[in-house]
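Have the sequence and the model side by side as you read.

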There are 2 protein chains.
Amino acid sequence: MSENKRKGLLIVLSAPSGCGKDTVLASLDGKIDNFRRSVSMTTRKKRDGETDGLDYYFVTPEYFLERLSRGQILEHTNYNGNYYGTPKTTVDEWLKNGDTVILKIEVEGAKNIRSLYPDSVSIFLVPPSMSSLEKRLRKRNSDSDEEIQSRLTIAQNEMKNAVNYDYIVVNDKLETAVEDICAIINAERHRTSRSKNIISEVISNA
Amino acid sequence: MSENKRKGLLIVLSAPSGCGKDTVLASLDGKIDNFRRSVSMTTRKKRDGETDGLDYYFVTPEYFLERLSRGQILEHTNYNGNYYGTPKTTVDEWLKNGDTVILKIEVEGAKNIRSLYPDSVSIFLVPPSMSSLEKRLRKRNSDSDEEIQSRLTIAQNEMKNAVNYDYIVVNDKLETAVEDICAIINAERHRTSRSKNIISEVISNA
């Protein structure tokens with residue numbers, strides 16, 4: 001059974017700011033075969049502990065808009081005054097290769113990706129409660145009170161979009177959330193629409 | 001987050017005869033929360049190693065037809081000259097309770113269940129190859145050459161129905177197949193359609 005004959009899988013992951021999606025993403029490394037993380041580009045300020053090229057590509061608005069005007073950005077959105085975009089680089093190549101590609105995208109960007117890739121699978125990560133989200137934002141210590149209130153209001157609005165996603169995962173315990181996402185990826189790899197050729201392989205391997 | 005507020009999940013599992021679905025099913029015990037296995041009723045002969053009430057309820061054709069005429073069988077089918085049916089007992093009760101219920105059903109019966117329960121999730125288990133299936137059937141040593149040939153032909157026809165199932169899982173290594181099915185169940189538990197109430201819970205837990 002040649003797994004690599006299977007179609008690639010595009011996963012869209014969204015979460016309110018402060019929900020721990022970067023930690024979840026980092027924990028997926030090494031747990032999934034042929035796993036690719038697409039790194040987004042943003043014009044927002046780098047926070048403590050973030051690495052350029054790993055968490056995001058941190059760029060100037062001028063650079064972002066130039067890349068955009070050249071058609072080098074797959075989708076983009078403006079969130080809380082900053083641009084976020086997906087570089088149109090190797091995503092299609094990875095998918096063609098049968099890889100599992102994960103995109104970390106804000107709610108608006110996710111909508112764009114879903115219409116560009118109807119076969120993609122979308123996951124919305126939520127905090128166990130609004131109070132735990134507030135605690136996490138305060139612990140991060142990088143935002144002012146005003147910014148935290150703004151993020152909480154945005155989070156609440158974003159969560160109303162969760163119904164448009166295929167899956168909802170609660171990030172209460174990190175290991176459980178990571179396990180749930182791995183299960184979703186494993187399950188989706190076995191979707192009949194992605195593994196129809198298996199049947200003809202089994203029958204022909206007489 | 002109260003998991004038990006989630007809707008129940010009905011899993012339909014089909015596989016060609018000799019594909020090891022009973023071993024897979026037995027291995028699922030203890031791995032899934034609130035897990036219920038529905039035991040089918042059949043008029044076929046009990047094989048060595050099978051237990052009445054665990055693998056199947058082994059009954060006479062007269063008893064089966066009487067239950068059927070009384071409307072006590074949810075769905076039934078005739079396969080290779082024998083009746084197979086799902087007792088209409090506690091399935092709905094389990095689902096209402098939020099449990100994960102698994103039904104082991106032949107291809108025709110699965111069709112019936114899918115139309116009775118459109119929200120159900122169907123998994124088709126396949127052998128890695130036809131030759132490995134033949135080996136397993138011969139190893140079982142309970143069927144004549146003629147019966148084995150008949151089973152292989154039926155298996156090949158049944159596998160053409162796999163495209164109508166939601167998922168296809170290859171039973172090459174038992175542990176991997178069990179892991180895949182657990183992943184599918186875990187993933188489906190997180191489907192937005194089954195966990196919409198989570199969002200309102202998160203938002204209201206201010």
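## A sheet in chain A

Strand β3 (residues 41–42) of chain A pairs with strand β6 (residues 82–87) of chain A in the antiparallel sense, over two bridges. Here, strands count as paired if DSSP finds at least two bridges between them, and the elements are DSSP runs numbered from the N terminus: helices are H or I with at least four residues, strands E with at least two.

Helix α2 (residues 61–69) of chain A packs on the sheet and touches β3, β5 and β6 of chain A. Its direction makes about 45° with that of β6(A). Touching, or contact, means that C-beta atoms, placed from the backbone, lie within 7 Å. Axes are lines fitted to C-alpha atoms (for helices, over the stretch in contact), with angles from 0 to 180 degrees between N-to-C directions. Helix α4 (residues 107–116) of chain A lies across β5 and β6 of chain A, at about 155° to β5(A).

## How to read the model

This is a predicted model, where local features need pLDDT of at least 70 and side-chain atom pairs count only at pLDDT 80 or more, while totals for chains, interfaces and linings use all residues. Residues are numbered from 1 along each chain as its sequence is written, with chains lettered from A and ligands numbered from 1 in the order in which they are written.

## Where the chains meet

Between the chains, 34 residues of chain B are in contact with 34 residues of chain A. On the side of chain B that touches chain A, α7(B) gives the most, with five residues.

The axes of helix α7 (residues 174–189) of chain A and α7(B) come within 8 Å and cross at roughly 110°. That makes α7(A) roughly perpendicular to α7(B), a label for angles of 65 to 115 degrees. Among the residues making this contact are A:D180 and A:A183 of α7(A), and B:D180 and B:A183 of α7(B).

## Two copies, one axis

The same surface serves both copies, as 100% of the contact residues of chain B recur in chain A.

Key. Two residues are in contact if their C-beta atoms, placed from the backbone, lie within 7 Å. Angles under 35 degrees count as roughly parallel, over 145 as roughly antiparallel, 65 to 115 as roughly perpendicular and the rest as oblique.
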